[in-house]
Amino acid sequence: MAIPSKEYYNENHKDKKSRPETRGKSSVPADVKVKPEKRTVAHRHPYLSGNFYPVFEETVGEDGIECEVVGVIPESLRGSQYIRTGPNSLRIPEETVAHHFFDGEGMLHGVYFPPSIEGEDETGPIRARYMNRYVRSDSFQKANKYGNVMLSVGLMMNGGRSLINILKQAAVSILRSVIFRVTNIGNGNTGLAFIGERLLALHEAGVPIEMAVPSLATVGEFYFEKEGQKRGKKFLPNQEASTAHPKYDPNTGETVFFSWRLLAPFAYYSVIAADGLRTIWEEPIPGFTRPTMMHDFAITPTYSIILNLNYTLDPIKHYSKVKTLISFDETKPARFGIIPRHFNSKRDKVLWFETRSCHMFHTANSWDEKDKDGNVVAVYMTASRSERFVSYINMWEAKGEGEPFGGGKTPEELRRQYVIPGDGDYANQDPDGTYLSLFRFDLKTMETRVTTLSTISSEFPMINWDWFMRPDLRYIYAAKMDIVPGTGMKSGGILKVDIRAVMEKQQQMLKDGGLKNLGGDGRWEIGSESLLQVEKESHRMHLFGGSYGGNEALFVPNLPRADGKALEEDEGHLLVYVYDESQIENGLVANPDRQVTELWIFDAKKIGQEHQPLAKVKIPRRVPYGFHGLHVTRKQIELNLHHLNRRSVPV
Ligand SMILES: [Fe+2]
């Protein structure tokens, strides 16, 4: 394939003219044995009904489907691609079989913005083409051939089954994965990263899968080199895993990640060189006594922060206490391990900080605080904090025909009234609320301070990654989370949080002696009243309205200015797939052949109900709700195509 320049696009466009039958089509791919399930009654699992139900078709042809564009697509997107991954089960389990939001093979959904089309130069309006592909991982191949072979997350987090039943289902899954030789449980359904010259589809329990852009074809498993040695498969399928949230340092070009493992020492920390190929540091992280699930972490220019939130795999202990194989132990404090960037387990100690037990999926910005001599005296981190592993994610299966589904809030929790966050009264906040919070770890006193930044529950915190790790970063854009009992995790809008406004208020209250510290244990809160006031004055929110639902909104910075002046932090756009749920009737998609999903593009400076998206890309397909997205720049697409051409990889 050539570089996706104007010539490339024109060539392909011509092709399509001569083969009109391939335009605007999608179908079940030839190598997928599983045929779409024609349901007449909706599946009762919240993550297998409505717009969580998977799609089985892929777009035909390597340049996707031309989409109608309403409005003007910004220049920063010309020649680039927006891609989002998510779980998309090949096989639909019975309602009495465990299933979880995190289960399902990965599928990538992309919108490619060609540089130009035939007969136009690069000043013409920008077009948009949609394409979607399964991540053809090892577990995908096996599920396609033999049926589900993976141990369901729903089974391991199930809190309503007898041990015998769980062990029976677990034994069948493990046996099947051994018989069918599943060597990688990484299915790429969680996150995306462009490292060096490649796009990687990530899943925290397995090996990254290399994907091609813009075609979204699968290239294969990817292993970082170590000391010139190529690496490969290990006996246990998660021994070469990577977090789904590696961190790219825009100053050094390094990529930092960690992985949790099934065997001791249970957690590893790695740094990848700027070439995106070589592991320059790989060290075990001391302090873990059993497999511990960790989804995200944080880095500053100097330190990395490992989040041990006590989500552990300890089947015997957990089952005897809480009836699950994996369990979040809320009786233990949350632990934050701070290590230098180039951590050496023989030389350096992990500095462990503790707070009241909490759960966090995602961090946003993190930075160093320096004294006047330039020494780092504290480390800051922003993250979405909740009191527990939120129950609207944790729903599994019905015990029997017609019986209610397990998981979600308890009837007693549904009746309760909860307090507004901001007073540090965490025990009386909605335990399913995920509130943006600021953590400060003092390296001298070992004190931890926690401050709630917003009273509105949100997740998928997003920043301008060009400003990552800067102490003056001001804005976090998060997906407002609608917590509706019995439904899945989806967003009703975009929240723009001004973290500096909260910090300035805090400083002022500190001076005036009015800072609340309810628990006396580092709850450095400004009080719900003050927080609501700051929210009103400085935070912004746009609700999608109607019956629209969405997920993470991705920030894409503007192109550099012609006059050479630096861009402001929020000079850029937010991209989010939204789906109008009026296309669903009783949990089923009403007209499968006439589905529309829209990619809404907002000016990040203008978030608020008074502002509409600058552009809406109307995709004539259903894009199920999913997880994380990535913007692959025009330059990165060119790099990737050169790289694949060099290796003669057919994409
Ligand atoms: Fe994530």
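## Questions on a predicted model

Student: Which residues have the most contacts inside the largest nonpolar core of this predicted model?
Tutor: The largest nonpolar core counts 155 residues. Inside this core, the residues with the most contacts are Ile-305, Ile-476, Tyr-477 and Leu-574.

Student: Leaving aside neighbours within four places in sequence, which residues is Ile-305 in contact with?
Tutor: Ile-305 belongs to the residues with the most contacts inside the largest nonpolar core. Once neighbours within four places in sequence are left aside, Ile-305 is in contact with Phe-297, Ala-298, Phe-336, Ile-338, Ser-366, Val-379 and Met-381.

Student: Where does UniProt place the feature "binding site", and what is the largest C-alpha distance there?
Tutor: The unreviewed UniProt entry places this feature at His-245, His-295, His-362 and His-628. These positions are spread over 384 residues of sequence, yet they cluster in space. The largest C-alpha distance is 12.7 Å.

Student: Is His-245 buried or exposed?
Tutor: His-245 is found in the loop between strand 12 (225–226) and strand 13 (247–248). Not counting residues up to four places away in sequence, His-245 touches Gly-191, His-295 and Asp-296. A residue needs 20 or more other C-beta atoms within 10 Å to be buried. His-245 has 21 C-beta neighbours inside 10 Å, so His-245 counts as buried.

Student: Is His-362 buried or exposed?
Tutor: His-362 has its place in strand 23 (residues 359–370). Its contacts, leaving aside neighbours within four places in sequence, are Asp-296, Ala-383, Ser-384, Glu-459, Phe-460 and Pro-461. Because 20 other C-beta atoms lie within 10 Å, His-362 is buried.

Student: How many other C-beta atoms lie within 10 Å of His-643?
Tutor: His-643 is found in helix 9 (residues 634–646). Leaving aside neighbours within four places in sequence, His-643 is in contact with Glu-197 and Arg-198. His-643 is partly exposed, and the number of other C-beta atoms within 10 Å is 16.

Student: Which strands are the edge strands of the open sheet of 5 strands?
Tutor: The strands of this open sheet have the order 3-7-6-5-40, with antiparallel pairing. An edge strand here pairs on one side only. The edge strands are strand 3 (65–66) and strand 40 (629–632).

Student: What is omega for the cis peptide bond that joins Val-213 and Pro-214?
Tutor: Most peptide bonds are trans. Pro-214 lies in the loop between strand 10 (209–211) and strand 11 (218–221). The bond that joins Val-213 and Pro-214 is cis, with omega about 0°.

Student: What is omega for the peptide bond from Ala-264 to Pro-265?
Tutor: Pro-265 lies in the loop between strand 14 (255–260) and strand 15 (267–272). The peptide bond from Ala-264 to Pro-265 is cis, and omega is near 10°.

Student: Is Arg-181 buried or exposed?
Tutor: Arg-181 has its place in the loop between helix 4 (163–179) and strand 8 (191–195). Arg-181 is not a glycine, but has a positive phi of about 50°. With 10 C-beta neighbours inside 10 Å, Arg-181 counts as exposed.

Key. Residues numbered from 1 in each chain as written. Predicted model: local features only at pLDDT ≥ 70, side-chain atom pairs only at ≥ 80, totals over all residues. Helix = DSSP H or I, 4+ residues; strand = E, 2+ residues; numbered from the N terminus. Buried ≥ 20, exposed ≤ 12 C-beta atoms within 10 Å, placed from the backbone. Contact = placed C-beta atoms within 7 Å. Core = buried A, V, L, I, M, F, W, Y, C linked by C-beta atoms within 7 Å. UniProt positions renumbered as here; feature names shortened; annotations may be inferred. Pairing = 2+ DSSP bridges.
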